[in-house]
Amino acid sequence: MARVKGESGERFCRVCGERLTPRFLQEYPDARICSHRRCYYIELARKTPQRAALLAFLPRRYQGARLNDFTHKGVLYLRETLKDRRSVFLSGTQGIGKTHLAAALVNSLLVELASERGYEVLWVRSTDLLLELQSCFGGKGDMRGVINKYKRCELLVLDDFGAERISEWSLSAIYSILAERVDELRATIVTSNLNLDVIDEFEPRLASRLAEFATLTLPPVDRRLCRE
């Protein structure tokens, strides 16, 4: 645990442990954290009311998702995978908790995801991502900017891949996003009703990239893995 107060009366940031300078304390006498923006966002993530606001990017239904909702032994490994800036592929049939698990993983990592710019997390359904890109056709929008937004965020959740009508163009766009994220060590969660063998049949390049992800295939039964 980071120090707050030293033996000499010095005070330290309880997030990073950095010494709080007399000048800083003169301006902020009740300060418990330093002036670094990342420490500010971490402190917010640790407080329940503010934490709820920070999770607004999650679908409302899943904002309360927690890892202890699940009994699968691989769940904690997936969390460590994402902390190490690697990626996760969750597959299985509809209605078994893939989206719930993705939200639980994000929720559990909120402190680690803090950066100097806040929380660079994007959650998007595959269908919505493609609609956003298609809206740029004919010079009506900045397609490169949209693609770069999804390439460069700290964590991307691409939910329900394969639910859309799959075209050569859509596959190229998704491949471009995922390939750069893998190469640049940016954590990604992809959920899909399709397994790698099926994806390999129509897009071997994309299947090859997803094969680099830590993969959890949920049992093909119409039930949730989480506790009721």
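Trainee: Is the crossing of α7 and α8 left-handed or right-handed?
Mentor: The crossing of α7 and α8 is right-handed. That hand means the near helix is turned clockwise from the far one by less than a right angle; anticlockwise is left-handed. Mind that this is a predicted model, where local features need pLDDT of at least 70, side-chain atom pairs count only at 80 or more, and totals for chains, interfaces and linings use all residues. Numbering starts from 1 along each chain as its sequence is written, and side-chain values use heavy atoms, without hydrogens or water.

Trainee: At what angle do α7 and α8 cross?
Mentor: At roughly 45°, and their axes come within 8 Å. Helix α7 covers residues 143-152 and helix α8 residues 168-183. Axes are lines fitted to C-alpha atoms, for helices over the stretch in contact, and angles run 0 to 180 degrees between N-to-C directions. Helices are DSSP runs of H or I, at least four residues; strands are E, at least two; both are numbered from the N terminus. α7 and α8 are therefore oblique to each other. Under 35 degrees is roughly parallel, over 145 roughly antiparallel, 65 to 115 roughly perpendicular, the rest oblique.

Trainee: Which residues of α7 meet α8?
Mentor: Met143, Ile147, Tyr150, Lys151 and Arg152. On the α8 side they meet Trp169, Ser176, Ile177, Glu180 and Arg181. Contact means heavy atoms within 4.5 Å.

Trainee: How many of the residues in the contact of α7 with α8 are charged?
Mentor: Four, alongside five nonpolar and one polar. Ala, Val, Leu, Ile, Met, Phe, Trp, Tyr, Cys and Pro are nonpolar, Asp, Glu, Lys and Arg charged, the others, Gly among them, polar.

Trainee: And α6 with α7, what angle there?
Mentor: About 155°, with the axes of α6 and α7 9 Å apart. Therefore α6 and α7 are roughly antiparallel to each other. From α6, Leu129, Glu132 and Leu133 meet Met143, Val146, Ile147, Lys149 and Tyr150 of α7. That contact of α6 with α7 divides into six nonpolar, no polar and two charged residues.

Trainee: New topic. What is the strand order in the sheet?
Mentor: β4-β5-β6-β1-β7, five strands in an open sheet with parallel pairing. Two strands pair if DSSP finds at least two bridges between them. β4 (121-125) and β7 (214-217) are the edge strands, each pairing on one side only. On average, neighbouring strands of this sheet are turned by 10° against each other, direction ignored.

Trainee: How many bridges join β1 to β6?
Mentor: Four. Strand β1 (residues 88-91) and strand β6 (residues 187-192) run parallel. Val88 has Ile189 in β6 as its bridge partner.

Trainee: Which strands does α6 lie across?
Mentor: β4 and β5 (155-161). Helix α6 is residues 126-134 and runs at about 95° to β4. α8 also packs on the sheet, touching β5 and β6, and its direction makes about 145° with that of β5.

Trainee: What about α4 and α5, how do they cross?
Mentor: At roughly 55°, with axes that come within 10 Å. α4 spans residues 75-83, α5 residues 98-108. The two are therefore oblique to each other. α4 passes α5 in a right-handed crossing. Val75, Leu78, Arg79 and Leu82 in α4 meet Leu101, Leu105 and Ser108 in α5.

Trainee: Last one. What is the mean pLDDT?
Mentor: 86, and 91% of residues reach 70 or more. pLDDT is the predictor's confidence in each residue, 0 to 100. Over residues 222-228 pLDDT stays under 50.
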